[in-house]
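Let's take a friendly tour of one protein model.

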Amino acid sequence: MLVTGKVLLDMANRENFAIPAYNISSGSMFNAVLRACEQDQAPWIVAIHPAELAHIGTAAVAGFIAAANSTKLPMAVHLDHGATFEQVMIAMHHGFTSVMLDASALPFDDNVASVSKVVEAAHDAGVSVEGELGTIGQMEYQSKDGNKTIMFTKPADARRFVESTGCDSLAVAIGTSHGLYPAGMKPKLDLDLLGEIKRAVGIPLVMHGGSGNPDSEVSDACARGINKVNISSDIKHAFYTTMRTVLSDPALREPNEIEPPCEEALIEVVHTKNALFSAIGRARLYR
């Protein structure tokens with residue numbers, strides 16, 4: 001069941017859980033996540049970054065949308081970290097039901113203006129919009145843009161941003177970074193700040209860069225107002241670490257022999273994340 005991001009996240013906001021948004025960069029990864037979420041009856045978001053979209057092609061997105069329309073599981077197809085108005089328009093043209101314009105590196109007023117322009121166009125087409133305020137850190141080279149340092153979201157700014165743009169959800173900076181954390185680093189979320197932001201805006205909040213944070217912190221964040229968590233590095237690490245092991249056998253060359261063990265490793269991570277976000281069994285809420 002293909003729905004908008006707003007449909008998914010508004011329910012999660014009311015019922016106090018988080019929707020997992022899994023970054024997809026291959027058909028094999030998509031099939032594995034869909035299988036795991038169907039087993040868990042967990043609603044989910046197919047998140048695709050512009051670099052991932054360039055890699056898989058828009059024809060693959062049409063397949064994801066067809067799969068969403070043929071399952072009873074509520075799903076949205078989301079443009080993750082769109083950098084320009086043009087990227088957002090391309091995504092909408094190809095059937096994305098949710099888009100993000102990440103203008104968080106711009107001055108506040110420019111961020112507001114850029115997101116407002118997207119909101120106007122997207123809402124006219126029935127598409128949900130995610131904005132970002134504050135900047136997420138960057139641990140390693142990723143396809144997503146990031147910053148070496150974190151600029152925490154200020155509650156008063158978040159209120160002004162939401163009121164000015166009309167965005168449907170807001171990605172906030174509360175102490176996470178994109179990518180896997182290096183050995184010895186102990187990330188810490190500012191959960192008190194999260195609570196202040198939630199009280200200031202009320203709308204669904206989004207966590208980017210949650211890979212490597214302690215499960216207890218992530219679970220607490222979902223209980224305190226995070227309604228969407230982006231997962232990219234964790235599932236890709238599981239998938240491709242397994243693939244390296246599988247490919248140690250030089251005789252293997254067929255994808256139907258190579259990819260299934262990788263999918264199983266990814267599925268284990270998805271089950272864990274779905275439980276962590278309290279998303280298991282929540283599909284029933286949308287029927």
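## Cysteines

Searching the whole structure turns up zero disulfides, a disulfide being a pair of cysteine sulfur atoms within 2.5 Å. Cys262 is in no disulfide either, as its nearest cysteine sulfur, that of Cys37, lies 18 Å away.

Cys167 is buried, at 5% relative accessible area, and Cys262 is buried at 0%. Buried means under 20% relative accessible area, using a 1.4 Å probe and protein chains only.

## Model and confidence

This is a predicted model: local features need pLDDT of at least 70, side-chain atom pairs count only at pLDDT 80 or more, and totals for chains, interfaces and linings use all residues. Residues are numbered from 1 along each chain as its sequence is written, and side-chain values use heavy atoms, leaving out hydrogens and water.

The protein chain has a mean pLDDT (the predictor's confidence in each residue, from 0 to 100) of 92, and 91% of its residues reach 70 or more. Over residues 139-147, pLDDT stays under 50. Where pLDDT is low, the predicted coordinates should not be read in detail.

## Nonpolar cores

The largest nonpolar core has 79 residues, of which Trp44 and Val99 touch the most other members. A nonpolar core is a set of buried Ala, Val, Leu, Ile, Met, Phe, Trp, Tyr and Cys residues joined through side-chain atoms within 4.5 Å. A second, separate core of twelve residues includes Val3 and Ile19.

Terms used. Contact = heavy atoms within 4.5 Å. Buried < 20%, exposed > 50% of the residue type's maximum accessible area, 1.4 Å probe, protein only.
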